[in-house]
Amino acid sequence: MIALIQRVTQAKVDIAGDTVGAIEQGLLVLLGVEKDDNEQKAKRLCEKVCGYRIFSDENDKMNLNVQQVGGKLLVVSQFTLAADTQKGMRPGFSNGAPPELANTLYQYFVKQCQQQGIETQTGQFAADMQITLTNDGPVTFWLQV
């Protein structure tokens with residue numbers, strides 16, 4: 001399971017011109033689910049995302065996590081993160097989870113984040129989404145479990 005996380009001052013997801021999820025300070029989480037993923041991996045990745053210390057403290061050091069700064073999460077499913085790009089000029093998607101499993105684990109990940117006490121907004125699984133964000137820093141990390 002993969003999370004590409006971006007520290008943002010704002011982010012939103014639109015579908016057909018309607019905003020379905022929006023946050024101010026926090027993390028945009030692009031979530032990729034691979035075929036061998038399970039609830040244990042989803043829970044571990046949630047703990048890692050929510051606990052990752054990428055917000056500045058009073059000394060301008062990355063020592064605080066999203067919860068410590070009162071930030072929010074915007075979680076968006078992104079199957080292309082599971083793509084194999086090692087060969088050729090076209091990505092392969094055989095590592096990605098089948099849609100039913102991917103959606104189940106995406107929803108489970110979101111619930112785990114909410115149980116951490118962090119306000120969590122979402123996109124819509126398998127929809128054509130437009131994401132607007134202001135990356136703060138820029139700060140972007142690839143987390144994988």
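User: Let's start with Asp37. Leaving aside neighbours within four places in sequence, which residues is Asp37 in contact with?

Analyst: Happy to begin there, and please keep in mind that this is a predicted model. With those neighbours set aside, Asp37 is in contact with Met1, Gly32, Leu101 and Leu105. As for its place in the fold, Asp37 lies in the loop between strand 3 and helix 1.

User: Is Asp37 buried or exposed?

Analyst: Asp37 counts as buried, since its relative accessibility is 6% and the cut-off for buried is under 20%.

User: Now for helix 2. How do I check the span of helix 2?

Analyst: Compare the expected span with the distance between the end C-alpha atoms. Helix 2 has 17 residues (99–115), which at 1.5 Å a residue should span 24 Å; the end C-alpha atoms are 24 Å apart, so the two agree.

User: Which residues of helix 2 are buried?

Analyst: First the general idea: an α-helix has 3.6 residues a turn, so residues three or four places apart point the same way. In this case, the buried residues of helix 2 are Ala102, Leu105, Tyr106, Phe109, Val110, Gln112 and Cys113. They cover an arc of only 160 degrees around the axis, which puts them on the same side of helix 2.

User: What covers those buried residues, and which exposed residues does the face turned away carry?

Analyst: The cover includes strand 3 (26–32), helix 1 (39–51), strand 6 (72–77) and strand 7 (120–122). On the face turned away from the buried side sit the exposed residues Glu100 and Gln115.

User: Last topic, the cysteines. How many disulfides does the structure hold?

Analyst: The structure holds 0 disulfides. Cys46 is in no disulfide, and the nearest cysteine sulfur, that of Cys113, is 3.6 Å away. To call a pair a disulfide, the sulfur atoms would have to be within 2.5 Å. Likewise, Cys113 is in no disulfide, its nearest cysteine sulfur being that of Cys46.

User: Are Cys46 and Cys113 buried or exposed?

Analyst: Cys46 is buried, with a relative accessible area of 1%. Cys113 counts as buried too, at 0% relative accessibility.

Terms used:
Residues are numbered from 1 along each chain as its sequence is written. This is a predicted model: local features need pLDDT of at least 70, side-chain atom pairs count only at pLDDT 80 or more; totals for chains, interfaces and linings use all residues. Side-chain values use heavy atoms; hydrogens and water are left out. Helices (H or I, at least four residues) and strands (E, at least two) are DSSP runs, numbered from the N terminus. The expected span of a helix is 1.5 Å times one less than its number of residues. Buried means under 20% relative accessible area, exposed over 50%, partly exposed in between (1.4 Å probe, protein chains only). The arc is that of the directions from the helix axis to the C-beta atoms. Contact means heavy atoms within 4.5 Å.
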